[in-house]
Amino acid sequence: MNNPQIPQYRLPEGGRIDRSRPLSFSFNGRAYVGYQGDTLASALLANGVHLIARSFKYHRPRGIMSAGSEEPCAMVTMRQGSRIEPNIRATQIELYEGLVANSQNCWPSVNFDLQAIINKVSRFLPSGFYYKTFKWPKFLWMSYEKVIRHAAGMGKVATLPDPDHYDHMHAYCDVLVVGGGPAGLMAAKSAAASGARVMLADEQAEFGGTLCGRAEKISNKPAMDWVARVRDELAARPDVTLLPRTVVASYYDHNMLVLNQRTGEHLPTAEGFTPRQRIWKVWAKQVVLATGAIERPLVFGNNDLPGVMLTGAVQTYISQYGVLAGKNAVIFTNNDSAYDAAAHMHDNGIKIAAIIDNRKQTSPAAQKLSDRGILIFNNHVVYQAVGSKHVRGVNISPLNENGDKLSGGNIKIDCDLLCMSGGWTPSVHLFSQARGKLRWHETLTTFIPEKSFQQERSAGSCKGVWGLSDCLKGGAKAGAEAAKAAGFTKTRALKTPAASNHDMGDIRALWRVPQPPRSQTKRFIDFQDDVATSDIELAAREGYRSVELTKRYTTLGMGTDQGKTSNINGLAVLSEELGKHIPEVGLTTFRPPYTAQTLGAISGPERGGHFAPTRRSPVHDWHVSTGASFMPAGLWMRPAYYQQPGETMWDAIYRETKHVRSHVGLVDVSSLGKIDLQGKDSAEFLNRCYINGFAKLPVGKCRYGVMLRDDGMVFDDGTVSRLAENHFMMTTTTAKAGPVLQYLEYLLDVVWPELDVHVVSATEQWCAIAVAGPKSRELLSRITDIDMSNEAFEFMGVRQGNICDVPGRIYRISFSGELAYEIGVPSDWGLHVWESLMTAGKDLKVSPYGLEAMSILRIEKGHIVGAELNGRTTADDLGFAAMISTRKPFMGQRSLRKPALLEGERKQLVGLISLDGKTPIPRGAQIVVNPDGPTPVAMLGEVTSNCYSPHVENHIGLAIVKRGRQRIDEILWATSPLTKQRVRVKLCSPHFIDPQGERLRG
Amino acid sequence: MVDITERRSALESHYTAGTFGAECNGHPGVMLAVRRNLSIVHVAGKPDDQTFINAIKSACGCDIPFEPGSVSVAGSLSLIWLAADRWMAVSAEPDPGILEATLRRACDDTVAVIDASHASTVLRLSGPQARTVLMKGAPLDFHARTFTPGRVATTMISQCTVTLVCIDQDTFDLYVFRSFAQHMWEWLRDASEEFGYEVSDILSG
């Protein structure tokens, strides 16, 4: 090295890197320098580092094979600590100052990996090894598994919370162009010229596609000048959205595509306020796919050695990054594209030791290279690469007449770079995801798009078009067609600039390069998953005929690269083994996403406290300030209990429970559903919805009601208050607020559109506070102008008036079984009313109570909640038979005659009491006669609610039990084998307190 | 009521005016504010009932917007389309009883008039990046030629139902159910961070 500043393999000039901005980075703990504009791969190659990783199964040394998202080998673990992320392709990592990357799948180092021993025994680890070996003896599986788990997998994920943030975006456009290469740019330009809303996405940081990495000219000037001009023109249009660093990952129905934009990956950390990645959901009227093509590897011995690279990638490293992937190259090809590449390399100082072309005839494209004195071997193959951790040379041999055997006369050629070109595979991933139909093209030896299923069209090399000029023309045409189809009818294809038009020539497919007899050398097809020709041959021998099953058996194409470089080669080898034509064998399904996606990006901002919305009552801040412990109830966050200093949780809960029975308590019940009904048929409508009658409910009264589903099961319960002749207010349980409203709207829209009723959710309008306990009347009489006397305001009455100086309603209803009222005031005044109640009731010792105490109070009273309204209980099961009206029809009525609802064995609601007076009744326990009886033990029912009752001074519960009402006083078991708990229980009435209702009427 | 006790916004204890997020050199990409003390009344009636149409016109001073997603405006009162038979009347009148009573008086009892002034928290989103913030949240087309002033859409943002009204080119009102207000406020702030945003003083009306 003459100049220590410039690494050995960096060209003195050229490339699309910024040489004024050197960047230091670390790979496997060693410091290196690259430039702004490098990828990790190009910077490592510039420093002569080729050994990047160890392979998945055999721990073979692997290097950098490609220069893009198809990379199957150079996978590294990026960053550290909470940002550590495995399996990132070095070819796609934009270099930044301080970048830290490490090899994975190796120990202690990538250079000396102990598990590489696996490679030595690889002949004993064929496809299906795992299934064949570890299935017996069965009892050893648990031991095998520990070892396998340790050895298996690729890289390690972060165990700390992800400190970055991710974002989502939704967009609509007329034309989405996927891919910013020559065809895509031309398509975007054509479509945008029509005035259409255009989005152009490309996975690279810079638009240009293949042009970034070639010495092409457009209009006799460097092609990248043209790219820059088109990009600037597009950027200047207000209705064009340019999305570099954005991979179009998935193509769904209705032309909806999902894009992943790497907004912050190229920065040391996505600091400040920039998200690390952004997921775009795009609804495009029309799509142009200009996704390009991926070069295919050739399948010869040791084709996975570091230093064996795709030919086009070597060009890219030269032109885009000013990096030589080697200094002495052998090129192995089956098509013409390698000749342009050879000239390109040669122009930049790479010695071309030889070009090995498996085709019999000398291609016209070869002429200019032989003119330079470069050796060209026709009808020859590289049958093996030689080297241990880097290619040192190649063994070449002529082919026999049929091309299926080597015909002797081996030559060894030294090299430090082996370029391979097996032809190009159009990237039809998105086309196929969109359910487009592919066709096998015999001369191109690949699948190309034939018939679109959605509103899309392909342009450029993803359609099997290779020449630059043809790609530009195809792009212009596709862009114009797309705009036209999107409604911009006057659109015409723009003229395209002059450019070269080289194609690949005729390809001579040679899916497996023959090996010398008895060679054990592996010829890899899927580099990421270590699938070699021998694995596919074995699968075929073992009877695999379906390409989909072969994929799963051999893991061909199942890596994170989804077989971008391996699918066609693998399929071709399988076809040869099966003696079938390739299209007969078919292709595996292309599934989203095109490249692996970060889970963080998919969840976006919906994580942590925002995983789901939190609903808060108008009194929420008061609960927080008084130290309430909260519990979720659906999306609501509700106070569970209010712990005082020195109290345990249970102390607080029992104190609150007893306080309501002896004094007065407040509970925030704002989350209960409230539905406002207006219209002259409201009473009739309610009559049809509930099992009990509402037509005669007087104004100023409320009534408890039970609603059934069509199938006769109880849907929900609640109260309905008549505020005026044609104005009602319905309450629902918290959980059913939405479903009940939806059901009522359905009935009104579909079943009885003739009824004059309007239903509107009023849940959010009202803050609801239950005031319960013997002192509740006294408290309320202090803060309202409503006459609270028992005579003027009877049980189940409703009054409207001023409450703490704001307009509101008071309902005399009770969930606790005590004298109780529920206050409703408009929400913005809820906190004011709550605070006023606390102040006004100070001398009455008014105290808040939470959901836990409320639950105990209602179990003591035998009131039901969601646990009992579980969709499997009828009104009769729950003890509401007397409520069922026989004088009117109602929803679910007919189903009540179903035999299953009439039979005598139905489970009925009962109370339970712990027989020994001290053992808790386990939640969800089964009610049985004898838990130790012969299995299966007959289950009579189950515990639906349980608690310790301060009132009863014992553990109590509610249960639904077969013929439960006839079993009152029977002694049974409540058993919970899962938690190993059991208790003897006595069945009793579900009303543990005040069964006559004297308290609430007093 | 003569003396209405002060209404408390759901965001009362979470609202701090100031500039936040990315550095924006005095040019925030997004402005956020809460609009308080609005009267919001839901009106449900039959769209083919001429009496209803006339009654609303006389009470509000504007025609009922029948076209889905449209808004009629008369002075400080907006009549916002919600569904085929449902509208939302919004005015800056701080005593919600007045708007409700006006509408109630005008309509017969086949029309439902429901005060919902306390049911929603109304957030105002404005600024050059306001549309981008909406794009983050909802799968609707917010292009300036598509979602124009006087349009309304009810959609989901961050799993919350939101009614969006386009006030002018860069200004939107978000009607959010009160219990979801804090969640939506936090989401809006997060979504606006990268552009730099300003929380203005509470807008009364």
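Exposed here means over 50% relative accessible area, and that cut-off settles the first view of this predicted model.

**View 1. Arg518(A), a non-glycine residue with positive phi.** With a relative accessible area of 79%, Arg518(A) counts as exposed. You'll find Arg518(A) in the loop that runs between helix H11 (468–485) and strand S29 (524–526) of chain A. Its phi sits near 60°, a positive value, and the residue isn't a glycine. For context, most residues other than glycine have a negative phi, and most peptide bonds are trans.

**View 2. Ser158(B), positive phi in a buried residue.** Over in chain B, Ser158(B) has a phi of about 45°, again positive without being a glycine. Its loop links strand S9 (152–157) and strand S10 (160–168) of chain B. Ser158(B) is buried, with a relative accessible area of 7%.

**View 3. Two cis peptide bonds in chain A.** The bond from Pro592(A) to Pro593(A) is cis, with omega near -5°. Pro593(A) belongs to the loop between helix H15 (582–585) and helix H16 (599–603) of chain A. Thr935(A) and Pro936(A) are also joined by a cis peptide bond, omega being about -5°. Pro936(A) sits in the loop between strand S45 (926–928) and strand S46 (941–949) of chain A.

**View 4. Helix H20 of chain A and what covers it.** H20 takes in residues 737–751 of chain A, 15 residues in total, and reaches 20 Å from first C-alpha to last, close to the 21 Å expected at 1.5 Å a residue. Its buried residues are Ala737(A), Val740(A), Leu741(A), Tyr743(A), Leu744(A), Leu747(A) and Leu748(A). Look down the axis of H20(A) and these buried residues fall within an arc of 160°, so they line one face of the helix.

**View 5. Thr446(A) and its neighbours.** Thr446(A) is part of strand S27 (residues 446–451) of chain A, and at 0% relative accessibility it counts as buried. Leaving out residues up to four places away in sequence, Thr446(A) touches Arg296(A), Trp424(A), Thr425(A), Pro426(A), Arg439(A), Trp440(A), His441(A) and Ile568(A).

**View 6. The two domains of chain B.** Chain B splits into domain 1 (17–37 + 119–204) and domain 2 (39–115). The contact takes 10 residues from domain 1 of chain B and 15 residues from domain 2 of chain B. Together the two domains of chain B bury about 860 Å², with 59% of it on carbon and sulfur atoms. On the domain 1 side, Asn37(B), Val152(B) and Tyr175(B) lose the most area to domain 2 of chain B, together 49% of what that side buries. The count between these domains of chain B is 1 salt bridge. Zoom in on Arg151(B) and Glu67(B), whose side chains meet in a salt bridge at 3.2 Å, N to O.

**View 7. Where chain A meets chain B.** Here 50 residues of chain A contact 55 residues of chain B. About 4,400 Å² is buried between the two chains, with carbon and sulfur atoms giving 51%. In chain A, Phe273(A), His610(A) and Asp828(A) lose the most area to chain B, together 16% of what that side buries. The interface of chain A and chain B has 8 salt bridges. Asp828(A) also meets Arg7(B) in a side-chain salt bridge (3.0 Å, N to O).

Key: Residues are numbered from 1 along each chain as its sequence is written. Chains are lettered from A and ligands numbered from 1 in the order in which they are written. This is a predicted model: local features need pLDDT of at least 70, side-chain atom pairs count only at pLDDT 80 or more; totals for chains, interfaces and linings use all residues. Side-chain values use heavy atoms; hydrogens and water are left out. Helices (H or I, at least four residues) and strands (E, at least two) are DSSP runs, numbered from the N terminus. The expected span of a helix is 1.5 Å times one less than its number of residues. Buried means under 20% relative accessible area, exposed over 50%, partly exposed in between (1.4 Å probe, protein chains only). The arc is that of the directions from the helix axis to the C-beta atoms. Domain bounds come from an automatic or database domain assignment. Contact means heavy atoms within 4.5 Å. Buried area is the accessible area (1.4 Å probe) that two parts lose on being put together, summed over both. A salt bridge is a side-chain nitrogen of Lys or Arg within 4 Å of a carboxyl oxygen of Asp or Glu.
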